[in-house]
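Here is a friendly tour for anyone who likes to check geometry by eye. Keep the viewer open as you read.

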Amino acid sequence: MGKLRPGAAEWLASGHTGRPRPLQNLLLLLWTLLHCGLGGSAQGPGEWTPWGSWSRCSSSCGRGVSVRSRRCIRFPEEEPCWGDTHEYRLCQLPNCPPGAVPFRDIQCALYNGRPVLGNQKTYQWVPFHGAPNQCDLNCLAEGHAFYHSFGRVLDGTPCSPGSQALCVAGRCLSAGCDGLLGSGALEDRCGRCGGANDSCLFVQRVFRDSGAFAGYWNVTLIPEGARHIRVGHRSRNHLALMGGDGRYVLNGHWAVSPPGTYEAAGTRVVYARAAGLEETLHAAGPTSQDLLLQVLLQEPNPGIEFEFWLPREHYGPFQAQVQALGWPLRQPQPREVQPQPPNSPAAPAAVPARIPTLAPDPCPPCPDTRGRAHRLLHYCGSDFVFQAHVLGRHRQAQETRYEVRVQLVYKNRSPLRAREYVWAPGRCPCPPLAPHREYLLAVQRLVSSDGTQDRLLLPHAGYARPWSPAEDSRARLAARHCPI
Ligand SMILES: *[C@@H]1O[C@H](CO)[C@@H](O)[C@H](O)[C@H]1NC(C)=O
Ligand SMILES: *[C@@H]1O[C@H](CO)[C@@H](O)[C@H](O)[C@H]1NC(C)=O
């Protein structure tokens, strides 16, 4: 869209002063000539000048707007530039003193005592908020039963009292996370404005340890930097949360805390107990220190579901710590999986892979798919990249289904389960995966149009390399090459 860094445009002052600027004109002329020479008889749209600088804030206190503009330079045969000539951003000055007259009231009051309706009668005007367009200056004649619309309010007027949105050029706009009004930019799950969830990883597990005795059991570490934390279960047991300093945030020392909001690790933890023995914890994060999630067992544990998003760089240490504590090894992993073909075994994980290791593989050789370009293509273009331990393989007429254990996640656009099925086209997929081996896989998520099938697909000639530390570093390098 041709957006430039604000700093890049400083030499070309904004057009707000209205005075002609010789330097600016000279530069524009040069620039135009250059383009003439290079572009030849270029058709298509013209080109934007760089953005001018931001104007002063529209208000003298509180919230207001600041604007910057650019111009479209084009030859008569060229189309207009694509995009906006003005950009508006929120500016925030220190709060207005208590009792300050609101901006809209001032604008209405400008018409006080003035003959405005085509006769000599005058009125006192106050804002009227019941009219259809809240960005029109609708003012009520005090003591009378009518209002009049004096056109648009000034830019930066709140759309309604207490509203976060502001009127700009007669439209009510709210600021995106980039501060630009009307940009619609949202924070992703990783806390990045306009991001695609790819600077963090989604952790979602079920803790199923049954516990040999009543008392406190470790469920998981929730590392520093975690966001969108959710924990839930349904039993008479109680969740307990401990801060990094070893002090309990809630449900410590065999005492059950009341439901409510608790401050912990720089975030607010909402603890709720609903009817039907349901207990939940929610926190937006990011957490400023590690938290330890425990459960106070009083009866067998039917399963505690937890999830959070973790900055990419915190995932490796988290995984290492959790493995060192042996937590994921003790617990059988969840077995909720994709719809299965009717005649396949119900629980493939329990069945040792029946692979005819001695029989020669009747599959023809696969094309060579090594190389950096291939890796980058698949890394950036796929929904998931992870280290997988192949537990089993099931060949069907049209496709092959692998059951894998997800070991280490490099990239996930949506939650990955601890065990997954990965499908590959044909009876002899390429590249082939051997059971009991570990691979680095790049796979796509495929959801059928009726929504009944949600599968992970390893495409033909896709990316599957035996996992090794070298492959691990290459994958981490590849991650840096993908556009957000
Ligand atoms: C990020 O993840 C959330 C939750 O899974 C999802 O709702 C949202 O659409 C994702 N955003 C992007 C840009 O993919
Ligand atoms: C629970 O985890 C904490 C922190 O890692 C550790 O100090 C403690 O020994 C663990 N408790 C059990 C019962 O494993």
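## N237 in its loop

In this predicted model, N237 sits in the loop that links strand 12 (227-234) to strand 13 (238-242); strands (E, at least two residues) and helices (H or I, at least four residues) are DSSP runs, numbered from the N terminus. N237 has a relative accessibility of 1% and counts as buried, a label for residues under 20% relative accessible area, with exposed meaning over 50% and partly exposed the range in between (1.4 Å probe, protein chains only).

Which backbone nitrogens does the side chain of N237 reach? One belongs to Q298, at 2.6 Å, and another to E299, 2.9 Å from a polar atom of that side chain. A polar contact here is a pair of N or O atoms within 3.5 Å; within protein, one must be able to donate a hydrogen and the other to accept it, and residues adjacent in sequence count only if both atoms are side-chain atoms. Setting aside neighbours within four places in sequence, N237 is in contact (heavy atoms within 4.5 Å) with E279, V295, L296, L297, Q298, E299, P300, N301 and P302.

## Ligand 1 and its shell

Ligand 1 has R189, G195, A196, N197 and W309 around it. Taken alone, the ligand exposes 360 Å², and the protein buries 43% of that; accessible areas come from the Shrake-Rupley method with a 1.4 Å probe, and for residues only the protein chains shown count as cover.

The shell residues comprise 2 nonpolar, 2 polar and 1 charged. In this scheme Ala, Val, Leu, Ile, Met, Phe, Trp, Tyr, Cys and Pro are nonpolar, Asp, Glu, Lys and Arg are charged, and the others, Gly among them, are polar. From N197, a polar side-chain atom lies 2.3 Å from an oxygen atom of ligand 1.

C167 belongs to strand 8 (residues 166-168) and is buried, with a relative accessible area of 1%. Beyond four places in sequence, C167 touches R104, Q134, C135, V153, L154, D155, G156, T157, C159 and C172. Between C167 and Q134 there are 33 residues of sequence separation and 8.3 Å in space, C-alpha to C-alpha.

V385 lies in strand 20 (residues 384-395) and also counts as buried, at 1% relative accessibility. With residues up to four places away left out, V385 touches Y379, V409, Y410, K411, L440, L441 and A442. V443 is 58 residues from V385 in sequence, with 6.4 Å between their C-alpha atoms.

## The buried side of helix 6

Which residues of helix 6 (residues 469-479) are buried? They are E471, D472, A475 and A478. These residues lie on the same side of helix 6 because they cover an arc of only 120 degrees around the axis, taken from the directions from the helix axis to the C-beta atoms. Their cover includes helix 5 (372-381), strand 21 (399-412), strand 23 (438-447) and strand 25 (463-466).

## The chain as a whole

The protein chain has 6 helices and 25 strands, and 40% of its 484 residues count as buried. Its accessible surface comes to about 26,300 Å², of which 55% belongs to carbon and sulfur atoms. Of the contacts between residues at least 6 apart in sequence, 64% join residues at least 24 apart.

## Notes on the model

Residues are numbered from 1 along each chain as its sequence is written, while chains are lettered from A and ligands numbered from 1 in the order in which they are written. As this is a predicted model, local features need pLDDT of at least 70, side-chain atom pairs count only at pLDDT 80 or more, and totals for chains, interfaces and linings use all residues; side-chain values use heavy atoms, with hydrogens and water left out.

How values were computed:
A residue is near a molecule or strand if one of its heavy atoms lies within 4 Å of it.
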